[in-house]
Amino acid sequence: MVRGVKIQTGFPQPELLDLPWSTPLAEWPDDVLVAYPRGISRHVVRFAQVGDRVLAAKETTARNAAREYDLLRRLRQLGTPGVVPVAVVTERHTAGGDELPAVLLTEHMNFSLPYRVLFSEHPDAVIANKLVDALALLLVQLHLAGFYWGDVSLSNTLFLRDAGRFAACLVDAETGEIHPQLTKGQRSYDLELARTNVAGELMDLLAGFEDDSHDGPPLDPSMKSGEKTRYEPAAATSALPQIMSSNPVPVDPFATSERIVESYENLWNELTGEEKFPHEQKWRVAERVKRLNDLGFDVEEASLDTDDDGFVHLVPRVVEPGHHSRHLHNITGMVARENQARRILTDIAQFGRALYPGLPEDLTGSLWMQEVYAKIMAAVPADLRAKREPAEIIHEVLEHRWFLSERLREDIPTAQAVEDYVESQLRTRPDEQMML
């Protein structure tokens, strides 16, 4: 029987009552825990199986737990990338009556990984650059929503594969604040924290490798991006050479930390900066919108003002991330992250030009789902689908086909490429869905 515990939750789930709340998190029994690699945290954090979900449990004060729970809920309403808050558990006591810390429960994101797990035995600057680019984009999205983080770092972020890049998701909002709009000083302070923390985290990571203390299982670096595709009838499968990853490039912590500043400022200026041009250059409005679309943003509202000298002043007022993701979902019903969607949309366009020229895009997307997506996923054994999300599998198969075609100097049919990909690439990778 549960005594002396209070659970505030937006997801009523009776299994929450069965967790050992009278025991400190550090002493929770193995039968309720999930073995999942954890990032660095100032708090005790454990992952627990609750029904059909895995929840992250973090011990903290009751005030901080309630505050962070509220912040995460508000960020979710604003549409920013963050973990889903599940519950706040307070009034915990041991069997002997001693008071225990409160617990914040959040939902574990399938296929998400701490940054340390994404490095192989030798830290790679290519991966590090992709991580800080993803973190810079996350920081811009949070700042546009009026969220001051106050503790920007790789450790407070989870990363998901996104078609050869990464998407970042906020995990720890304990020090955050939500305002109607951030000042330049608040943004600058967050950015300086990001620069300092990223350099320190990468230096710590490199020191750990020098001491042979690699944290987490090595995972394959993301595959390079390519665009060449061709659609042909399936051919007989032959033995194809395995594609090997290139040698890692040494990581420079300071150059990488400066990169996050540059990436953030370039993106912020593009999304919010004023553009001034003569009235006769009205085409620059469409050009600016296209640039924002290419970055993955839609313009929901903009200011178009003219001055007495005949110049137009253009300022995007409201930009909404997810341009390609929404477009892909509209024509296929498929859920994907931004870079995955961009890559798949390219393939759909090539598929349409090759087989169904002149067909409307929504019908082309529907046919692509039947003739490409469904066949690729059917060729992936069910026991291997926990290694990558469906959209990432599609992307990697398309890239694998491109690499094989380049290497063999001939067009490789998709059916042949997916079979080789499953055996030479996917089968040897660790499961990333839960990493149980």
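How many aromatic pairs does a search of the whole structure find? The search finds 6. The structure is a predicted model, in which local features need pLDDT of at least 70 and side-chain atom pairs count only at pLDDT 80 or more, while totals for chains, interfaces and linings use all residues. Residues are numbered from 1 along each chain as its sequence is written, and side-chain values use heavy atoms, with hydrogens and water left out.

A pair of aromatic rings is described by the distance of the centres and the angle of the planes. Rings of Phe, Tyr and Trp (for Trp, the six-membered ring) pair if their centres lie within 6.5 Å; planes under 30 degrees apart count as stacked, over 60 as edge-to-face and the rest as tilted. One of the pairs is formed by W21 and W28, which are edge-to-face, at 5.4 Å centre to centre and with 70° between the planes. Both of these residues, W21 and W28, are buried (under 20% relative accessible area, with exposed meaning over 50% and partly exposed in between, for a 1.4 Å probe and protein chains only). The pair of W368 and Y373 is tilted, because the ring centres are 6.4 Å apart and the planes stand at 40°. W368 counts as buried, since its relative accessibility is 0%.

A ring also takes part in an arrangement with a charge. K276 lies over the face of F311, at 4.9 Å from the ring centre; the rule asks for NZ of Lys or CZ of Arg within 6 Å of the ring centre and within 35 degrees of the ring normal.

The loop between β5 (102–107) and α2 (125–144) holds R116, and Y115 lies in that loop as well. Helices (H or I, at least four residues) and strands (E, at least two) are DSSP runs, numbered from the N terminus. Y115 has 2% relative accessibility and therefore counts as buried. R116 has a relative accessible area of 11%, so R116 is buried too. The side chains of Y115 and R116 make a polar contact at 3.3 Å (a pair of N or O atoms within 3.5 Å; within protein, one must be able to donate a hydrogen and the other to accept it, and residues adjacent in sequence count only if both atoms are side-chain atoms). Y115 and L154 are 39 residues apart along the chain, and their C-alpha atoms are separated by 6.4 Å.
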